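Please read them with the structure open.

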Amino acid sequence: HSFPTRRSSDLDYNPADFVMHILQQVDDEGMTKLTEHWDKEVASQRLTRQVSDPIDLPPAGRRKGFLTEIALLTQREVRNVVRDKASLGARFGSTIFLSLLFGIVFWKVGDTTQDGYNLQSHMGGITMVGISGMFGAAQPTMLSFPSERPVFLREYSAGMYAIGPYFLSKSMVEVPLIFATSAITIAMCFPMLALQGQFILHLLSIFLVGITSASVALVTGCAISDVKTVQELAPVLFVPQILFAGFFVKLSQVPVFLRWVQYLCTLKWGMNVILSSEFADSAIGEDMLRSN
């Protein structure tokens, strides 16, 4: 008799949970054959009695302290991130590749002293860096929680930890990653684009844009369990960020009944900080900020 084999969706179960999961899918006939097979494989009646003896489990709902839960969950989260070398490599690899691409395409566009300086190219380079920081932080977070949802629900329902420690542990791991990718982006793009503003303001702006974008992505991932649906909703959440940031159309030209959307666009606020730093001594920069 063939029994269900382990599927990719069962990989987050430990062996005991997996066995219980499989037993729930076996009918009476299969259970009988499984029992007979087990009896043949058991070397001694003592082992059989030990297996059939009830296990003294700790009372359900008893958890460790708040700080202990955070420490243990953070440790597990770090271990999961480090072990998933493919995702980690793709995250940092794509950041380096895109930053290098921006640097080549927008080479020295911020150098106002060179012949042929073009404000549109200067703005285009800054805009692409900001958009890249937004999507680079949101995409991994948006797709991670739906895949972790079954594990979280099972462990939370078993009273292993509270929601607060789980959220804080994920934040304590995700925030440094976002800061690292933001630092790589600005460290590469700042000299290659010959940006004129303050390095630290550019870095903090991209970092904060990434944090807020990742937060929106996390809320979306928590609300929707299907990864495909989350991916389909991503443009609805983030394209308006670009549309109402004031880069491609002046907000004064947007219909009045839609202008309020700009105040919900975190990309707009982060990029305004960069523009105020980049064009601090420029009348053109002041005019752009007033129009936005």
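**Notes on the predicted model**

1. The largest pocket has a volume of about 1,300 Å³. A pocket here is an open set of points on a 1 Å grid over the protein atoms alone, where a 1.4 Å probe fits, with protein on both sides within 12 Å along at least five of seven lines. Its volume is the space filled by probe spheres set on the points, which are joined across faces, edges and corners.

2. This is a predicted model: local features need pLDDT of at least 70, side-chain atom pairs count only at pLDDT 80 or more, and totals for chains, interfaces and linings use all residues. Residues are numbered from 1 along each chain as its sequence is written, and side-chain values use heavy atoms, without hydrogens or water.

3. Which residues lie nearest the centre of the largest pocket? They are Glu77, Asn80, Ser144, Glu148 and Lys170, out of a lining of 41 residues (lining residues have an atom within 4 Å of a point). Helices H4 (66-83), H5 (85-105), H6 (119-157), H7 (163-192) and H8 (199-223) each give two or more residues to this lining. H6 gives the most, with 10 residues.

4. The lining of the largest pocket divides into 20 nonpolar, 9 polar and 12 charged residues. Ala, Val, Leu, Ile, Met, Phe, Trp, Tyr, Cys and Pro count as nonpolar; Asp, Glu, Lys and Arg count as charged; the others, Gly among them, count as polar.

5. The chain has 11 helices and 0 strands. Both are DSSP runs, numbered from the N terminus: helices are H or I with at least four residues, strands are E with at least two. Of the 292 residues, 36% count as buried (under 20% relative accessible area; exposed is over 50%, partly exposed in between; 1.4 Å probe, protein chains only).

6. Thr181 lies in helix H7. Thr181 is buried, with a relative accessible area of 10%. Its side chain reaches the backbone oxygen of Ile178 at 2.9 Å. Leaving aside neighbours within four places in sequence, Thr181 is in contact (heavy atoms within 4.5 Å) with Arg91, Phe92 and Thr95.

7. Two loop residues deserve a look. Most residues other than glycine have a negative phi. Lys108, in the loop between H5 and H6, has a positive phi of about 60°. Ala194, in the loop between H7 and H8, has a positive phi of about 55°. Lys108 is partly exposed at 29% relative accessible area, whereas Ala194 is buried at 13%.

Conventions. Polar contact = N/O pair within 3.5 Å; in protein donor to acceptor, adjacent residues only side chain to side chain.
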